[in-house]
Amino acid sequence: MSRESTNKQLRMWEDKKWLRLERGGVVVLAPDRLKEIAGEEA
Amino acid sequence: MPQPFDKRAVLRDHPLFGGLGAGVIDRLAAYAHTKSVPAGSPIFAKGDPGTSLFAVCSGTVKISNQSHGGKDAVFNLINVGEIFGEIALLDGQPRTAEAIALSDCELMVIDRRDFVPLVKSEPEMALKLIEVLCGRLRRTSEQVEDVIFLDLPTRLAKTLLWLSSRAKPSSQGTKVTITQREIG
């Protein structure tokens, strides 16, 4: 994964409130949405 | 001041060692020593001699590598009750990745010269170790498959879900202690 593309994708998900980007970490707020993207059972 | 570990109690409660007989636990406890590592400190570097096996008694350890360009790749987060450092320990080759304490850690350390004879003499111990190695191999195979077959959003979502499944959830969500740079 290129860093730029990853950051862009993370920011898109942050805008949707699926996660929150913090210093030193990422807080997953909507795991069900991520499961849909990942093709896993939500 | 941290309390000294009751090594036998830690080993009895440990998923890898817990099912072993009292005699084996006693042998392991006699060999093992504990080590405190503050958050952010390296435990070993890629290429170091693999002379020890580590069991996490408290804290989280990050297993990762850095490219020459400074890009990080995080392979695993090792939590309480898990072990790391087993690959180089078993094959006697240099470390394949670096290990860094992600939080303050208490580790139990067993040296190769003590551990390998134990594995040879205790088939149950060897089987448990093989289970750990199989788990690592499955995870690595899945990662390779993901890199080849999946697009970025799917891969990123899978990575975040996997990391969050290994973190403690709170009412505010599940914090994955990994930077954007390390994910990418």
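Four strands form an open sheet in the order β1(A)-β2(A)-β10(B)-β9(B), and the pairing is antiparallel. β1 of chain A and β9 (169-170) of chain B stand at the edges. Each has a single partner strand, so one side of each is left without a neighbour in the sheet. Strands of a sheet pair through backbone hydrogen bonds, either parallel or antiparallel. The model is predicted.

Start with the part of the sheet that chain A supplies. Chain A has 2 helices and 2 strands. From the N terminus on, its elements run α-β-β-α. β1(A) and β2(A) pair in the antiparallel sense over 4 bridges. The two strands form a hairpin with 2 residues between them. Gly24(A) sits in the turn and has a positive phi of about 80°. Glu22(A) stands opposite Gly25(A) in β2(A).

Now cross from chain A to chain B. β2(A) and strand β10 (residues 173-176) of chain B pair in the antiparallel sense over 3 bridges. Val28(A) stands opposite Thr174(B) in β10(B). Val27(A) stands opposite Lys175(B) in β10(B).

Which side chains of β2(A) point to the buried face? The side chains alternate along β2(A). Val26(A) and Val28(A) point to one face and are buried. Helix α6 (residues 152-165) of chain B lies across β2 of chain A together with β10 of chain B. The helix runs at about 100° to β10(B).

Follow β10(B) onward to Ile178(B). This residue is in the loop between β10 and α7 (180-183) of chain B. Why does Ile178(B) count as buried? The cut-off is 20 or more other C-beta atoms within 10 Å. Ile178(B) has 21 other C-beta atoms within 10 Å, so it is buried. Leaving aside neighbours within four places in sequence, Ile178(B) is in contact with residues of both chains: Gly25(A), Val26(A), Val74(B), Leu163(B) and Ile183(B). Gly50(B) is another matter. The C-alpha atoms of Ile178(B) and Gly50(B) are separated by 26 Å, and the two residues are 128 residues apart along the chain.

Next comes the nonpolar core. In soluble globular proteins, nonpolar side chains tend to be buried together. The largest nonpolar core here has 48 residues. Of these, Phe54(B), Val56(B), Val61(B) and Leu160(B) touch the most other members. Strand β3 (residues 52-58) of chain B gives the largest share of this core, 5 residues. Val61(B) shows what such a position looks like. Not counting residues up to four places away in sequence, Val61(B) touches Ile43(B), Val56(B), Ile78(B), Phe84(B), Ala99(B), Ile100(B), Ala101(B), Leu102(B) and Cys105(B).

Chain A has 42 residues, and buried residues make up 26% of them. Its C-alpha atoms fill a box of roughly 30 × 20 × 15 Å, taken along the principal axes. Chain B has 7 helices and 10 strands. Of its 184 residues, 30% count as buried. The C-alpha trace of chain B spans about 50 × 35 × 30 Å along its principal axes. With 184 residues, a compact globule would have a radius of gyration near 16 Å; chain B has 17 Å, which agrees.

Terms used
Residues numbered from 1 in each chain as written. Chains lettered and ligands numbered in written order. Predicted model: local features only at pLDDT ≥ 70, side-chain atom pairs only at ≥ 80, totals over all residues. Pairing = 2+ DSSP bridges. Buried ≥ 20, exposed ≤ 12 C-beta atoms within 10 Å, placed from the backbone. Contact = placed C-beta atoms within 7 Å. Axes fitted to C-alpha atoms, helices over the stretch in contact; angles between N-to-C directions. Core = buried A, V, L, I, M, F, W, Y, C linked by C-beta atoms within 7 Å. Rg over C-alpha atoms; globule rule 2.2 N^0.38 Å.
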